[in-house]
Amino acid sequence: MAKRPIDGIRFPNPMPYGWFGVCYSDELGKDGIHSLTYFDQDIVLFRGADGAPRALDAYCEHMGAHLGGGTVVGNNIACPFHAWEYDGEGKVVNIPYAKKIPPQVKKPCMKVWPIIEANGMVWMWYHPEDVAPMWDVTPHEETSSNEWAEFGRKEWIVDTHPLEMAENAADVAHFKYVHGTEEFPTDWDIKIDGPMRSGFVDAPMRTPKGVVPGKIENFNRGPGEAWTRFSGIADTFLLSSLTPLARDKVHVRFSFWQKKEDAETFKAGVSKAFIQEVIKQFEEDKPIWDNKIHLKTIRLCDGDGPIMDLRKWYSQFFVEGAA
């Protein structure tokens, strides 16, 4: 009998908690406002006059207007309907036509979303029970060093749960059968430490001059923040964010960084081709993610990678009953 989703749901796990990328820093200019829908919730993100980003629930407590159509006033956001101003703590600090601010909105009355700006992105903390952030976003030298530069971005919407995508990091066999690599990775290691997960792969890479040694070091800090360092053909740093729009839909962002000196030498063409290969491999995975279901019990063989170790690590980011 054919498999069916558990209880009619393709992905029975809830959305995980953690830090998730919600936009690139240069997309949120001075006095900029973004209307976002992530985690099945409507959110407004804005940058104040001091340059700091802030995020609140999207709907004004006055009469329900969406703040995304409003304006930034100093470090506050003003509703487009009656110009009520909210500060970054979710309090109403000005009603231009009122003699008094109602006491119930002089204290925080809007949900405030924790925000960190790092690595050229704005990151938002999500927890279904509004627990405060439990770790910080990891800073990366590649995104701030004068020796490195961003060489490309790519975004996708994938119809899946982020766990299904995360399991690829431990799935050895699919490299050959989905991506057409000539050989399985020759060595594989995975390490887990709290919200951190790291994987190290010796991965031979095919070139016109034959197979050359290559190494892939991949990391997660929580479920939404991921980065990969590729070495061998071209040193490349990949910053990834996997942000749930809903339980079964993920917004994926890739940002590629490479050494500036490589862009000025004969390696420039190789570097560009390598980035295109990484994008190609993601797009080979995407139809599988778009159509697969979650199996609570999976049947593994001795040629598979440490998929269950990764699944066990990932499960810490689920809050039972949050689905």
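**A walk from pocket to core**

Start by selecting E167, N168, D171, K292 and I307: of the 19 residues lining the second largest pocket, these lie nearest its centre. A pocket here is an open set of points on a 1 Å grid over the protein atoms alone, where a 1.4 Å probe fits, with protein on both sides within 12 Å along at least five of seven lines; lining residues have an atom within 4 Å of a point. This is a predicted model, where local features need pLDDT of at least 70, side-chain atom pairs count only at pLDDT 80 or more, and totals for chains, interfaces and linings use all residues. Numbering runs from 1 along each chain as its sequence is written, and side-chain values use heavy atoms, with hydrogens and water left out.

α5 gives the most, with three.

Now jump to Y17, W19, W123, W135, F237, L239 and Y314, which touch the most other members of the 26-residue largest nonpolar core. Such a core joins buried Ala, Val, Leu, Ile, Met, Phe, Trp, Tyr and Cys residues through side-chain atoms within 4.5 Å; buried is under 20% relative accessible area, with a 1.4 Å probe and protein chains only. α6 turns up again as the top contributor to this core, with four residues.

Zoom in on W19. Beyond its neighbours within four places in sequence, its contacts (heavy atoms within 4.5 Å) include W123, W135, P114 and E225.

Last stop: select W156, M165, F230 and I275, which are among the 19 residues of a second, separate core.

Notes: Buried < 20%, exposed > 50% of the residue type's maximum accessible area, 1.4 Å probe, protein only. Helix = DSSP H or I, 4+ residues; strand = E, 2+ residues; numbered from the N terminus.
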